[in-house]
Amino acid sequence: MNIGIDIDNTITEVQEELNNAAYEYAIKLGKNIKNADNPFEDIKNNGDTYKKKFEFSYDELKYFLKNIQEEITNKAKPRDNAVKIINRLRKEGYKIIIITARDSEFHDDPYLLSKNWLDKNNIEYDKLIVNAREKGIVCKNENIDLFIDDQLNNCLDVSKEGIKVIRISNEICNNKDIVDLNNWTKIYEYIGELNEKDEESKR
């Protein structure tokens with residue numbers, strides 16, 4: 001089985017810290033913030049949510065993502081059990097493909113940025129893909145069987161390709177094509193159940 005995994009807020013959990021940092025940055029810029037609490041999703045994976053929430057111009061957004069966000073994501077710690085479970089899955093024979101929307105528009109070297117963090121945290125994987133704004137297409141091209149992400153729009157985009165999707169979230173989206181799980185232990189158990197069903201269907 002090929003498993004695709006996002007990084008930010010999937011292997012890590014940094015959204016609250018990023019939102020707080022964006023709010024502080026917007027205050028320094030003198031923005032009249034009205035939508036800070038609106039749960040906008042970054043539908044195009046291009047930082048659009050920050051523009052909507054904090055009225056950043058393109059250059060302000062670029063500064064935030066290149067400098068402030070990078071500093072936060074570089075220091076981010078993995079979610080509980082994420083490293084242990086990803087590495088266990090790989091040892092069990094699953095192919096692990098890291099798929100992130102970190103891109104060359106807002107980062108000098110998104111590949112190295114991501115690789116350094118994965119290596120620093122001893123996360124094992126078979127392939128790293130950056131610039132993945134359209135994750136459905138990327139997952140289809142990589143023959144992904146199961147995709148794990150935190151953003152609903154990414155999960156919907158991938159599920160449209162007929163690929164199984166887990167959204168790591170404390171919320172329930174009530175979409176029959178998406179399984180909502182809130183921690184990596186439950187993700188591992190769910191993958192085990194999928195494997196068992198697969199084995200039974202082959203008998």
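Predicted model: local features only at pLDDT ≥ 70, side-chain atom pairs only at ≥ 80, totals over all residues.

Me: What percentage of the residues of the protein chain count as buried?
Reply: A residue is buried when its relative accessible area is under 20%. The chain has 203 residues. Of these, the buried part is 48%.

Me: How far apart are the mean positions of the positive and negative charges?
Reply: The protein chain carries 32 positive and 40 negative charges. Take the mean position of each set. The separation is 1 Å.

Me: In what order do the helices and strands run from the N terminus?
Reply: There are eight helices and six strands in the protein chain. From the N terminus on, the order is β-α-α-α-α-β-α-β-α-β-α-β-β-α.

Me: What is the radius of gyration of the protein chain, and what does the globule rule give?
Reply: The rule gives 17 Å for 203 residues. The chain's own value is close to that, so the chain is as compact as a globular protein of that length. Its radius of gyration is 17 Å.

Me: Among contacts between residues at least 6 apart in sequence, what percentage join residues at least 24 apart?
Reply: A contact needs heavy atoms within 4.5 Å. Take the contacts in the protein chain between residues at least 6 apart. The part joining residues at least 24 apart is 64%.

Me: Which elements do the buried residues of α5 pack against?
Reply: Helix α5 covers residues 110-120, and its buried residues are P110, L113, S114, W117 and L118. They fall within an arc of 120° seen down the axis, so they line one face of α5. Residues three or four places apart in an α-helix point the same way, because there are 3.6 residues a turn. The packing partners are α3, β2 and β3.

Me: Which residue with a positive phi follows α5?
Reply: Most residues other than glycine have a negative phi. The residue after α5 has a phi near 55°. It is N122.

Me: Is N131 buried or partly exposed?
Reply: N131 sits in the loop between β3 and α6. Its phi is positive, near 60°. Buried would need under 20% relative accessible area. N131 has 40%, so it is partly exposed.

Me: What is the relative accessible area of N81?
Reply: N81 lies in the loop between α3 and α4. Its phi is also positive, near 70°. N81 is partly exposed, with a relative accessible area of 34%.

Definitions and conventions:
Residues numbered from 1 in each chain as written. Heavy atoms only, no water. Helix = DSSP H or I, 4+ residues; strand = E, 2+ residues; numbered from the N terminus. Rg over C-alpha atoms; globule rule 2.2 N^0.38 Å. Buried < 20%, exposed > 50% of the residue type's maximum accessible area, 1.4 Å probe, protein only. Lys, Arg positive; Asp, Glu negative; His and termini not counted. Charge placed at Lys NZ, Arg CZ, Asp CG, Glu CD. Arc of directions from axis to C-beta.
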